[in-house]
Amino acid sequence: MPSEGGRIDEALRALAPRVEAFRSAVALAEEELRAYVARHRGVAEFRAEQALMELGPFAVHRIDPQLFARLVGGLDDGDPRETMAVLARAEGVLGRSGAGRDARCVAVPPGGDLRDVVKGALDEVGQVFGASRAVELARSRRFDPTGHADLLERLPFRRWNRTERMLAPPLVVSVEPDDLICAGLAEFLDGLVKIVLVARGTRSPAPLARLVTPGTFVVQTTEPRALEALVRSPHPGVGLLLDEAGPETARFVHDPDAGTAPWSRLSVEHMPERPAVGRGRRAPAWVEELDHLESLAAAPATTEAMRPAGADRSDPQTPEAAPADRLAAWLLHQAASDG
């Protein structure tokens with residue numbers, strides 16, 4: 001059985017394609033920003049030197065050559081100092097975001113709130129998106145230090161746009177069994193957000209069951225390779241990677257693209273037995289998770305199974321007959337009656 005650190009490494013390896021896609025996008029944005037800053041900084045310095053030469057000794061310590069060069073050369077020829085300061089700060093944010101795996105791997109402290117930790121990690125990623133927005137505003141001379149200053153801080157997930165949510169890097173979260181309360185993660189499962197929880201066990205058999213919705217990929221497993229489908233899915237998703245396959249824990253995959261009906265989208269590898277409950281005692285609250293999972297996985301009874309014994313499928317009076325069969329039987333019956 002791999003250690004917790006080993007399972008985190010396995011999860012990160014499975015998620016590598018999404019991580020690299022995000023890092024590549026950040027690296028490209030950083031490179032373009034650096035080139036832009038260098039180019040405009042060079043132009044500004046060159047024009048300042050020209051202005052200083054043209055003004056002569058009289059301008060020394062009296063006139064700002066860079067400001068004078070911008071006024072003479074036109075606003076489109078250079079960037080104000082405030083704009084360059086915004087671009088420099090954004091460049092620093094983009095540079096820090098690409099470093100190390102720790103930015104995409106967080107741990108819930110014992111007794112901590114899983115939802116709050118995930119929110120904080122995603123808000124940290126939001127710095128990249130906020131910095132990108134600030135760059136666009138600064139380059140178009142629309143950056144307002146009062147109204148847009150927060151873009152250079154953490155950008156909350158609720159303020160991300162659709163494009164940013166589709167670009168979000170995956171998040172690996174280490175969590176203790178007692179803190180594996182997953183319902184609060186639903187608000188973050190949008191775009192292409194992928195969250196993988198790594199736990200030594202659970203206190204309930206199907207903690208991810210409440211997150212199963214038609215458009216969300218959900219996997220609860222002990223196999224890191226099962227996470228590869230989560231990465232490939234064009235839907236947001238959440239996975240739970242457990243340390244071992246215990247009989248008391250459900251293992252399942254919900255793939256939105258596997259079918260149109262809930263039972264066709266849900267593949268259950270193992271469903272634990274229900275707990276024995278004595279008379280007069282209430283079942284544990286997590287039994288509802290199994291009820292929900294079982295209701296989703298239950299395939300409808302086949303037409304043959306629903307038909308009463310001895311019923312004729314061609315009999316138009318048989319309610320279980322398929323609509324096309326009932327229509328054909330009725331037409332034949334009418335034709336015989338007319339004859």
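# Getting to know this predicted model

Reader: Of the 339 residues of the chain, what share counts as buried?
Author: Start with the ground rules: this is a predicted model, so local features need pLDDT of at least 70 and side-chain atom pairs count only at pLDDT 80 or more, while totals for chains, interfaces and linings use all residues. Residues are numbered from 1 along each chain as its sequence is written, and side-chain values use heavy atoms, with hydrogens and water left out. Buried means under 20% relative accessible area, exposed means over 50%, and partly exposed is in between (1.4 Å probe, protein chains only). On that basis, the buried share of the 339 residues is 40%.

Reader: How many helices and strands does the chain have?
Author: Both kinds of element are DSSP runs numbered from the N terminus: helices are H or I with at least four residues, strands are E with at least two. For this chain, that gives eleven helices and seven strands.

Reader: Which residues have the most contacts inside the largest nonpolar core?
Author: A nonpolar core is a set of buried Ala, Val, Leu, Ile, Met, Phe, Trp, Tyr and Cys residues joined through side-chain atoms within 4.5 Å. The largest one here has 54 residues. The ones with the most contacts inside it are Val118, Leu185, Ile195, Leu197, Leu208 and Phe252.

Reader: And where does the largest share of this core come from?
Author: The elements giving two or more residues to the core are helix 4 (81-97), helix 5, strand 2, strand 3, strand 5 (237-242) and helix 9 (287-297). The largest share is 13 residues, and it comes from helix 5.

Reader: How many residues of strand 5 are buried?
Author: Gly237, Gly239 and Leu241 point one way from strand 5, while Val238, Leu240 and Leu242 point the other way, and all are buried. Strand 5 is therefore largely enclosed by the rest of the structure, with a buried count of six of the six.

Reader: Which residue in strand 5 is the bridge partner of Ala199?
Author: Two strands pair if DSSP finds at least two bridges between them. Strand 5 runs parallel to strand 4, with five bridges joining them, and Gln220 stands opposite Leu240 there. Strand 5 also pairs with strand 3 in the parallel sense, over six bridges. In that strand, Ala199 has as its bridge partner Leu242.

Reader: What separates Lys119 and Asp123 in helix 5?
Author: These two form a salt bridge, with their closest N and O atoms 2.8 Å apart; the term means a side-chain nitrogen of Lys or Arg within 4 Å of a carboxyl oxygen of Asp or Glu. Lys119 is partly exposed at 30% relative accessibility, whereas Asp123 is buried at 7%. Because they sit four residues apart in helix 5 (residues 114-139), what separates them is about one helical turn.

Reader: How far apart in sequence are the parts that Arg154 and Glu124 tie together?
Author: The side chains of Arg154 and Glu124 meet in a salt bridge, 2.7 Å from N to O. Arg154 lies in the loop between helix 5 and helix 6 (162-167) and Glu124 in helix 5, so the parts they tie together are apart by 30 residues.

Reader: Which residue makes a polar contact with the side chain of Thr216?
Author: Thr216 lies in the loop between strand 3 and strand 4 (217-221) and is buried at 6% relative accessibility. A polar contact is a pair of N or O atoms within 3.5 Å; within protein, one must be able to donate a hydrogen and the other to accept it, and residues adjacent in sequence count only if both atoms are side-chain atoms. At 2.7 Å, the side chain meeting that of Thr216 belongs to Thr213.
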